[in-house]
Amino acid sequence: MLDENEFTAHVATAYSHLYDIVALRTSPLIPLLTEESSQTRTEKAWALHHALINTIDDLDPGPDAPPFSHAWRRHRVMVLHHLEGLTPETIADRLAISRRTYYRAYKKAIEDIATLLWDRHMVTPSATDEEEDTQTEPSDLGRMELLRLSAARAMQSERYAPVTDVINGAVSLAQDLAKQRGVHISIEAPESPSPLMVEKNALRQVLLETLDFLLGAMQGGQLEIRYGIGENEVELFVRSTCQNTISNLSLQREKEITVLRELAQIQQIGLDPIEDREGMQGFRLRVPSKHLSTVLVVDDNEDMLALFERYLCPHNYVVLKAQSGSEALSLARSRQPDIIVLDLMMPDQDGWDVLQTLSNQPTTEHIPVVVCTVLSAKRLALALGAAVFLEKPITEDKLISTLASINQKISQNS
């Protein structure tokens, strides 16, 4: 029986191999954190994978936690590293912390997760003999129930992200396995003036399962990913360029294909095999997409930008951020956001100049500007073209209700 320190060490090791299913198959955590059943070793490894991902969600301190508090930072570190595939250096830069602070926060997050899992293991009994006797086909039922629970949990978050970001993040997480198999992954993305948004948890899980299956059937060669954009969906093709590689193994791995199909169906993603005369070469995914309002937030204070992002993202807004007037004008012209939230007090080119420029240029005059500032200059701001004037500090409810009102007017006028 493991003691708590050994258990924590195994948790840390499991997270370091979170997307290496081969390594997870030998984890001592499997008999402790997954249900006893006749599942294969690979299925148990995926069950452990999902359990570890779900426990990251349990670190979320909730919307009332102050941004950059210790609890908030630990959760963000785990999400950015293990769910979005960012490097420690990139995460430290994004959170404006030192590398030392990053590693300290990561270590504490692992310890917190280990404590949660340890407590659940100690207090949650395994299925009783009576329950086990009433089950039929425990492997299939247990696997599908796990998929449904994981999918439902992911869908509850309603977190949308640009499809390009989701694909690049998934490929980044699969690179180690690709290198082990001697496979090069290429991505062909269409040009698009604005980011097409998809439910990131749903696509990421299905795409990672797809990559795991295809890479496991390949030895060398190239795996290509290309996608096209439709009105309400993204059509994604993931296929091997090596003839015979996948077709030779597909019959042996029929059960894995069944799991993949089930996961895609649960996530409301269409999945079909790509076949030619040689057999199956990959998969075609049809992913529902959504148009989300884009908000450009302009503020020289990085903490305020992070706060606005924290307010807006859970409500499915795409957030662009600018810390200077010149950056704001450039993003407004190139990205054409639906709404701009503008602070008036900035060091180089103040918000008054930015507001006038936005209101007087043909490429940006149609974009509603919400002035959000500590100044009390409402009449002047509205006279210069602001759609709404808000005084700081501002609450999440006030910001969201203001943007919803603007979006409603935009819809009525379109």
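## Contacts and basis of the model

Contact here means heavy atoms within 4.5 Å. Among contacts in the protein chain between residues at least 6 apart in sequence, 68% join residues at least 24 apart.

The model is predicted: local features need pLDDT of at least 70 and side-chain atom pairs count only at pLDDT 80 or more, while totals for chains, interfaces and linings use all residues. Residues are numbered from 1 along each chain as its sequence is written, and side-chain values use heavy atoms, with hydrogens and water left out.

## Overall composition

The protein chain has 18 helices and 12 strands; these are DSSP runs numbered from the N terminus, with helices (H or I) of at least four residues and strands (E) of at least two. Of the 414 residues in the protein chain, 48% are buried, that is, under 20% relative accessible area with a 1.4 Å probe, protein chains only.

## Helices α4 and α5

The axes of helix α4 (residues 41–57) and helix α5 (residues 70–83) come within 9 Å and cross at roughly 145°. Axes are lines fitted to C-alpha atoms over the stretch in contact, and angles run from 0 to 180 degrees between N-to-C directions. Helix α4 contributes Ile53, Ile56 and Asp57 to the contact, and helix α5 contributes His75, Met78, Val79, His82 and Leu83.

## Thr402

Thr402 lies in helix α18 (residues 396–413) and is buried, at 9% relative accessible area. Leaving aside residues up to four places away in sequence, Thr402 touches Val388 and Leu390.

Key
Buried < 20%, exposed > 50% of the residue type's maximum accessible area, 1.4 Å probe, protein only.
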